[in-house]
Amino acid sequence: MGMSVTISAATEQDAEQIFRLQYLCFQSEAALYGNYRIDPLVQTLDSVRREVAEDCVFVARLGDEVVGSVRGRVTEDGAASIGKLCVHPRLQGHGIGARLLRAAESALAQERGATRFRLHTGHRGEGGLRLYRRVGYQAVGTSEGPDGVPVIVLEKAAGDYAATA
């Protein structure tokens, strides 16, 4: 292809591409559970725009195309909630997800004062679970998402973000 994937903070102009990308990427997750009402598939474009404006959102770009994204925000307990990590299916398995995660963790710790990182992933999503464990996340519990899908809650200390490099 001759181009490399770059990671950068998302801009307002990226919202529509992020919206379309997450819809594509989370189809396989929805199929695992037979539930096509999971949050990334029912989220509105306006909601994505708000997240880009207010939260810590990073994108992976291949040229002008957004091929990956992740979002995070610091919650009231000082933990950073990280979510909706996705990479275009044709580019999965090349470390883009780990790079996006590392960018979000770094910004959330350094710029927003996060003390811990927390994320939720479906209990059947083996690819995601492998990635999160590889970069230092540990399961701390389970819960049920608002869509009824059982999720595993994973965390790691904010000081550990450099370990994902």
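A disulfide is a pair of cysteine sulfur atoms within 2.5 Å. By this criterion, the predicted model holds zero disulfides. The sulfur of C25 has its closest cysteine partner in C86, at 4.2 Å. That separation exceeds the 2.5 Å cut-off, so C25 and C86 are too far apart for a bond. C56 is likewise in no disulfide. For C56 the nearest cysteine sulfur is again that of C86, here 15 Å away.

C25 has a relative accessible area of 10%. Buried means under 20%, so C25 is buried. C56 also counts as buried, at 5% relative accessibility.

Strand 7 comprises residues 150–157. Six of its eight residues are buried, so the strand is largely enclosed by the rest of the structure. Strand 7 pairs with strand 5 and also with strand 6.

The pairing with strand 5 (residues 116–122) is antiparallel and involves seven bridges. Here R116 stands opposite A157 of strand 7. Strand 6 (residues 138–144) is likewise antiparallel to strand 7, with six bridges joining them. In this pairing Q138 stands opposite E155 of strand 7.

Strand 6 and strand 7 form a hairpin, with five residues between the strands. In this hairpin, G148 takes a positive phi near 90°.

The UniProt record, an unreviewed entry, lists residues 5–159 under "domain: N-acetyltransferase". In the model, the chain over residues 5–159 is 36% helix and 34% strand.

Definitions and conventions:
Residues are numbered from 1 along each chain as its sequence is written. This is a predicted model: local features need pLDDT of at least 70, side-chain atom pairs count only at pLDDT 80 or more; totals for chains, interfaces and linings use all residues. Side-chain values use heavy atoms; hydrogens and water are left out. Buried means under 20% relative accessible area, exposed over 50%, partly exposed in between (1.4 Å probe, protein chains only). Helices (H or I, at least four residues) and strands (E, at least two) are DSSP runs, numbered from the N terminus. Two strands pair if DSSP finds at least two bridges between them. UniProt positions are given in the numbering used here, feature names are shortened, and annotations may be inferred rather than shown by experiment.
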